[in-house]
Amino acid sequence: MLSVDEIACVYSALILQDDDIAVTPEKISTILKAANVDVEPYWPGLFARCLEGVNVKQLITNVGAASVAPAASAAAPAGGDAGGKKEEKTEKKEESEEEEDDDMGFGLFD
């Protein structure tokens with residue numbers, strides 16, 4: 001569960017992104033001070049670094065689109081011979097089965 005510090009920084013970053021203002025530690029701190037919210041001093045810098053180079057608006061609007069990407073990557077490449085395509089598909093299938101075996105639903109911090 002998120003702490004009050006994390007939630008406050010998330011909302012500050014969303015406010016900045018909504019106004020098309022660069023997300024920087026100083027600007028997050030300014031919003032937090034204006035809202036009279038005290039956070040640990042490392043949170044604004046941490047959130048600013050995490051969101052550096054990320055288009056938050058696109059990330060929010062495409063939340064459900066991530067599940068479509070793996071299906072698109074499984075499509076056969078253009079060109080090449082039919083025999084090569086079959087080999088690639090079996091290799092991908094074997095790799096995905098191995099990955100499924102590795103992930104047994106347990107996380108490092110669960």
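Visitor: Which residues of helix α3 are buried?
Guide: In helix α3, which covers residues 42-50, the buried residues are Trp43, Pro44, Gly45, Phe47 and Ala48, where buried means under 20% relative accessible area, exposed over 50% and partly exposed in between, with a 1.4 Å probe and protein chains only. Helices here are DSSP runs of H or I with at least four residues, strands are runs of E with at least two, and both are numbered from the N terminus. This is a predicted model, in which local features need pLDDT of at least 70, side-chain atom pairs count only at pLDDT 80 or more, and totals for chains, interfaces and linings use all residues. Residues are numbered from 1 along each chain as its sequence is written, and side-chain values use heavy atoms, with hydrogens and water left out.

Visitor: What do the buried residues of α3 pack against?
Guide: They pack against α1 and α2, and contact here means heavy atoms within 4.5 Å.

Visitor: Which residues does Trp43 touch?
Guide: Not counting residues up to four places away in sequence, Trp43 touches Ser3, Asp5, Glu6 and Cys9.

Visitor: How many salt bridges does a search of the whole structure find?
Guide: The search finds one salt bridge, in which the side chains of Lys57 and Asp20 meet at 3.0 Å, N to O. Lys57 lies in helix α4 (residues 56-61) and Asp20 in the loop between α1 and α2 (25-34), so the pair ties together parts that are 37 residues apart in sequence.

Visitor: And is Asp20 buried or exposed?
Guide: Asp20 is exposed, with a relative accessible area of 61%, whereas Lys57 counts as partly exposed at 35%.

Visitor: New topic: how many disulfides are there?
Guide: The count comes to zero disulfides, a disulfide being a pair of cysteine sulfur atoms within 2.5 Å. Cys9 is buried at 0% relative accessibility, and Cys50 is exposed at 54%.

Visitor: Which residues form the nonpolar patch on the surface?
Guide: The patch is formed by Leu2, Ile7, Tyr11, Leu14 and Ile60, which together have about 460 Å² of accessible area, as given by the Shrake-Rupley method with a 1.4 Å probe, where for residues only the protein chains shown count as cover. Patches are made of residues with over 30% relative accessible area and no salt bridge, with like charges joined within 9 Å and nonpolar side chains (Val, Leu, Ile, Met, Phe, Trp, Tyr) within 5 Å. Helix α1 (residues 4-18) gives the largest share, three residues, while Leu2 is found in the segment before α1 and counts as exposed at 52%.

Visitor: How many helices and strands does the chain have?
Guide: The chain has six helices and zero strands, and buried residues make up 15% of its 110 residues.

Notes
Salt bridge = Lys/Arg side-chain N within 4 Å of Asp/Glu carboxyl O.
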